[in-house]
Amino acid sequence: MMMLTKMVQSILFLTVMLVASSCNQEEVDQQVLLPSNLEVNVAMGENGVVNVSFSAEKVNFFRVGFGVYNQFPELVTGNQASYRYTLPGEYTITVQAHATESDFIKQEEKVQITEQLLGIGLPVSGFESPMQYEGYTLAWNDEFDAETLSSDWVFELGDGCPNLCGWGNNEQQFYRRENTELKDGYLIITAKRENIGGKNYTSSRLKTQGQQVFQFGRIDIRAAMPRGQGIWPALWMLGENIPQVSWPACGEIDIMEMIGGSANGRDDTVHGTLHWDNNGNYAYQGGSKTLSGGAKLADNFHVYSIIWDENRISWLLDDEVYYEMDISPSAMDEFRKPFFLLINMAVGGNWPGNPDNTTVFPQQMAVDYVRVFEKD
């Protein structure tokens with residue numbers, strides 16, 4: 001009886017040991033080494049794009065979330081991911097380094113997306129020009145401080161058809177009054193992605209034709225530019241006699257043009273150009289100025305100017321001359337006659353090309369003031 005009891009005890013002991021050994025083996029089998037040394041770097045791109053790069057040790061895969069629409073972090077390939085935000089706000093970017101689907105470490109980074117980063121907001125500072133210059137008198141100006149637009153400005157509407165479809169440049173916008181507003185002391189033109197009049201975009205175009213014309217002097221226009229591929233703002237002038245002689249015999253003075261797009265120095269470059277009829281042949285000539293240090297024209301307000309007399313036109317950016325042209329030849333006589341002003345923002349066209357998936361809408365051009373000075 002004693003021997004039987006001992007045998008039973010031995011069997012029970014062996015059974016307990018085997019079970020314990022099996023449990024310990026299962027724990028060892030289930031133990032997973034978590035990734036370590038997770039490093040995350042967040043870099044702001046253009047037009048709301050945020051680029052995230054990451055690395056970790058002992059990692060099998062990564063998941064990344066950008067804090068939108070309550071989405072869970074998604075599986076990514078490689079060690080970087082990008083996302084383009086379309087609305088301002090604070091977002092939390094989450095990077096998870098996984099050993100298995102359920103075994104991971106994570107790091108969170110908060111980003112503040114502003115209207116400026118999205119490419120849709122107006123700057124709050126920039127260059128300002130004086131109200132007077134020695135040897136000149138302020139002849140006409142609009143500070144856009146009123147509640148309604150001055151009668152000195154009239155709208156050009158539509159797509160230019162039937163006489164000048166696409167406004168002569170294969171532009172893609174339909175011009176409307178509704179895209180112009182006076183707000184906070186600015187004239188603001190907004191380009192939108194919307195289908196009206198058979199076009200995919202809308203914007204505005206204003207002029208002083210029949211209301212105000214100018215001949216010689218200095219013109220200062222303080223404005224904040226939009227940005228983005230296919231966006232084409234302009235501050236310019238046409239000869240008052242265009243109904244009689246047509247273009248280009250009337251002459252065209254482009255005080256400022258910018259063709260939007262981040263490639264090859266576009267959002268950061270201002271162009272000043274003349275167009276005219278050179279003894280029966282179309283001619284144009286101009287110069288440009290590119291900002292330094294990667295700055296964009298949309299980052300700040302700038303003052304775009306010309307100084308114009310019987311013999312010469314000079315173009316200035318923030319009161320610094322960047323190009324000059326001799327207009328004394330007889331073939332350039334159109335530039336010794338009265339001109340009216342135009343302000344517009346085109347979308348697409350032969351020069352800038354059309355918008356693409358990097359272009360953020362809406363885009364705004366804000367004009368703080370237009371000032372015309374005549375020589376004493």
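Buried means under 20% relative accessible area, exposed means over 50%, and partly exposed lies in between (1.4 Å probe, protein chains only). The model you are looking at is predicted, so local features need pLDDT of at least 70 and side-chain atom pairs count only at pLDDT 80 or more, while totals for chains, interfaces and linings use all residues. Residues are numbered from 1 along each chain as its sequence is written, and side-chain values use heavy atoms, with hydrogens and water left out.

**Exercise 1: the whole chain**

Task: Describe the burial, the secondary structure and the overall dimensions of the chain.

Solution: 
- Step 1. Begin with burial: 46% of the 376 residues count as buried.
- Step 2. Turn to secondary structure. There are three helices and 24 strands; these are DSSP runs, numbered from the N terminus, with helices being H or I of at least four residues and strands being E of at least two.
- Step 3. Look at the dimensions. Along the principal axes, the C-alpha atoms fill a box of roughly 135 × 45 × 40 Å.
- Step 4. Compare with a globule. The chain has a radius of gyration of 32 Å, whereas a compact globule of 376 residues would have one near 21 Å. This radius is taken over C-alpha atoms, and the globule rule is 2.2 Å times the number of residues to the power 0.38.

**Exercise 2: cysteines**

Solution: 
- Step 1. Recall the idea: a disulfide is a covalent bond between the sulfur atoms of two cysteines. The cut-off used here is a pair of cysteine sulfur atoms within 2.5 Å.
- Step 2. Search the whole structure, and one disulfide turns up. It joins C161 to C165, with S to S at 1.9 Å.
- Step 3. Check the geometry: the link of C161 and C165 is right-handed, with 135 degrees about the S-S bond.
- Step 4. Now take C250, which is in no disulfide; its nearest cysteine sulfur, that of C165, is 19 Å away.
- Step 5. Compare accessibility. C250 is buried because its relative accessible area is 1%, whereas C161 is partly exposed at 39% and C165 is partly exposed at 43%.

**Exercise 3: charged pairs**

Solution: 
- Step 1. Side chains of opposite charge can pair when their charged atoms come close. A salt bridge here is a side-chain nitrogen of Lys or Arg within 4 Å of a carboxyl oxygen of Asp or Glu.
- Step 2. The whole structure holds 14 salt bridges, and one of them brings the side chains of E143 and R371 together at 3.0 Å, N to O.
- Step 3. E143 lies in the loop between β8 (136-142) and β9 (154-155), and R371 in strand β24 (residues 363-375), so the pair ties together parts that are 228 residues apart in sequence.
- Step 4. R371 counts as buried because its relative accessible area is 6%.

**Exercise 4: R193 and its contacts**

Task: Which residues does R193 touch, leaving aside its neighbours within four places in sequence?

Solution: 
- Step 1. Locate R193 in strand β12 (residues 186-196).
- Step 2. Apply the contact rule, heavy atoms within 4.5 Å. With those neighbours left aside, R193 is in contact with N200, Y201, T359 and F361.
- Step 3. Check accessibility: R193 counts as partly exposed because its relative accessibility is 48%.
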